[in-house]
Amino acid sequence: MDYPEYEGLKLDWPEDGILRITLSRGNVNAMSFQMHHDISQIWRRIDRDQDVRVVIVTGEGRCFSAGGDFEADGKLMGNWNDMIEMVKDARELVENMIHCSKPVISAINGPAAGGGLVVALMSDISIMARSAKLVDGHTRLGVAAGDHASLLWPLLCGMAKAKYYLLTCDPIPAEEAERIGLVSMCVDDGVLMDRALEVARKLARGAPTAIRWTKQSLNGWLRMAWPIMDTSLALEALGFMGPEVREGMASHVEKREPKFDPRSPL
């Protein structure tokens, strides 16, 4: 199957049956609207591609993906049409990764946040370099944790840890992410891709139907909890229409602590 040229996505075949997607955009692989759309839709094509047995996703350089492009995200505030498109892509990114029958391995080579974090943790097997870290910074920016975290994190690491990290936005080092079960394993930086390829080979040699049906069965837990995903996305989108996100984004650009109004109508 032929793949189109994608903005910010590099595709190659390190071995027969193993498709590698490299997030590649700028110094930190930040996602533009187009890149976010492309990474949300590519899983449908992969699912239909009989040449693909396993997928590896990684980032170019020293970063997996810093998440959304702040210039692009800033345009969401008060922009109804762009917000609707972003919500659709965010929903379909998670939905399409759940329904993609091929096993996906993330090789998390550096910091992962935003849409990049979604891809990293929605992968079926997540392998993290020891120097890497994860951060879900939604509440730091003044919006609810949408995307994937409310749906997925309690299943991976339990409600107590999910609440702590999603409410505080504290970064999660690789060894801690492995310890609490947020990622599959943590390895030394220099062997990250070697380990990802080793696991990919094992899956590529396995019984394809059995592996894919096992993935689909396990993902039943996520499909069963799907109303949580829709709720979190709706609340995140609503937050982009309020005052907290303006202060959150301004403080990030100005590299200072945010000063949120402690009063809330809720």
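The dialogue below asks how terms are applied to this predicted model.

Student: What are the ground rules?
Tutor: Residues are numbered from 1 along each chain as its sequence is written, and side-chain values use heavy atoms, with hydrogens and water left out. The model is predicted, so local features need pLDDT of at least 70, side-chain atom pairs count only at pLDDT 80 or more, and totals for chains, interfaces and linings use all residues.

Student: Why is T58 called buried?
Tutor: Buried means under 20% relative accessible area, exposed means over 50%, and partly exposed lies in between (1.4 Å probe, protein chains only). T58 has 7%, so T58 is buried. T58 is found in strand β3, residues 54–59. Helices (H or I, at least four residues) and strands (E, at least two) are DSSP runs, numbered from the N terminus.

Student: What makes the pair T58 and N109 a polar contact?
Tutor: A polar contact is a pair of N or O atoms within 3.5 Å; within protein, one must be able to donate a hydrogen and the other to accept it, and residues adjacent in sequence count only if both atoms are side-chain atoms. The side chains of T58 and N109 make such a contact at 3.4 Å. N109 also has a side-chain polar atom 3.5 Å from the backbone oxygen of C63.

Student: Which residues does N109 touch, neighbours up to four places away in sequence aside?
Tutor: Contact means heavy atoms within 4.5 Å. The partners of N109 are T58, G59, E60, G61, R62, C63, F64, A129, A132 and L192. N109 is found in the loop between β4 and α4. N109 has a relative accessible area of 14%, so this residue is buried.
Student: And what does T58 contact, neighbours within four places in sequence aside?
Tutor: Among the contacts of T58 are R20, I21, F64, A107, N109 and M193.

Student: How do you know that C63 is in no disulfide?
Tutor: A disulfide is a pair of cysteine sulfur atoms within 2.5 Å. A search of the whole structure finds 0 disulfides. For C63, the nearest cysteine sulfur is that of C186, 17 Å away. For C157, the nearest is that of C169, 14 Å away, and C157 is in no disulfide.
Student: Are these cysteines, C63 and C157, buried or exposed?
Tutor: C63 is buried at 7%. C157 is buried at 11%.

Student: Why is K255 called exposed?
Tutor: K255 has a relative accessible area of 76%, so K255 is exposed. K255 is found in the segment after α13. K255 has a positive phi of about 55° although it is not a glycine.
Student: Which residues of α13 are buried?
Tutor: In α13 (residues 244–253), they are V245, E247, G248, M249 and S251.

Student: Why is R53 called partly exposed?
Tutor: R53 has a relative accessible area of 29%, so R53 is partly exposed. The place of R53 is in the loop between α1 (33–48) and β3. A polar atom of the R53 side chain lies 3.2 Å from the backbone oxygen of D16. Leaving aside neighbours within four places in sequence, R53 is in contact with D16, G17, K102, P103, A204 and R212.

Student: What makes a space a cavity rather than a pocket?
Tutor: On a 1 Å grid over the protein atoms alone, a cavity is a set of points where a 1.4 Å probe fits but cannot get out; a pocket is an open set with protein on both sides within 12 Å along at least five of seven lines; lining residues have an atom within 4 Å of a point. Grid points are joined across faces, edges and corners, and a volume is the space filled by probe spheres set on the points. The count comes to 1 cavity of 30 Å³ or more. About 40 Å³ of space lies in the largest cavity. The lining is R53, V54, P103, L203, A204, G206, P208, I211 and R212.
Student: Which element gives the most to the lining of the largest cavity?
Tutor: α10 does, with 3 residues.
Student: How does the lining of the largest cavity divide by class?
Tutor: Ala, Val, Leu, Ile, Met, Phe, Trp, Tyr, Cys and Pro count as nonpolar, Asp, Glu, Lys and Arg as charged, and the others, Gly among them, as polar. The lining has 6 nonpolar, 1 polar and 2 charged residues.

Student: What is the volume of the second largest pocket?
Tutor: The second largest pocket has about 520 Å³. Of the 26 residues that line the second largest pocket, S123, D124, L156, L218 and N219 are the closest to its centre. Its lining divides into 18 nonpolar, 6 polar and 2 charged residues. The largest share of this lining, 4 residues, comes from α10.
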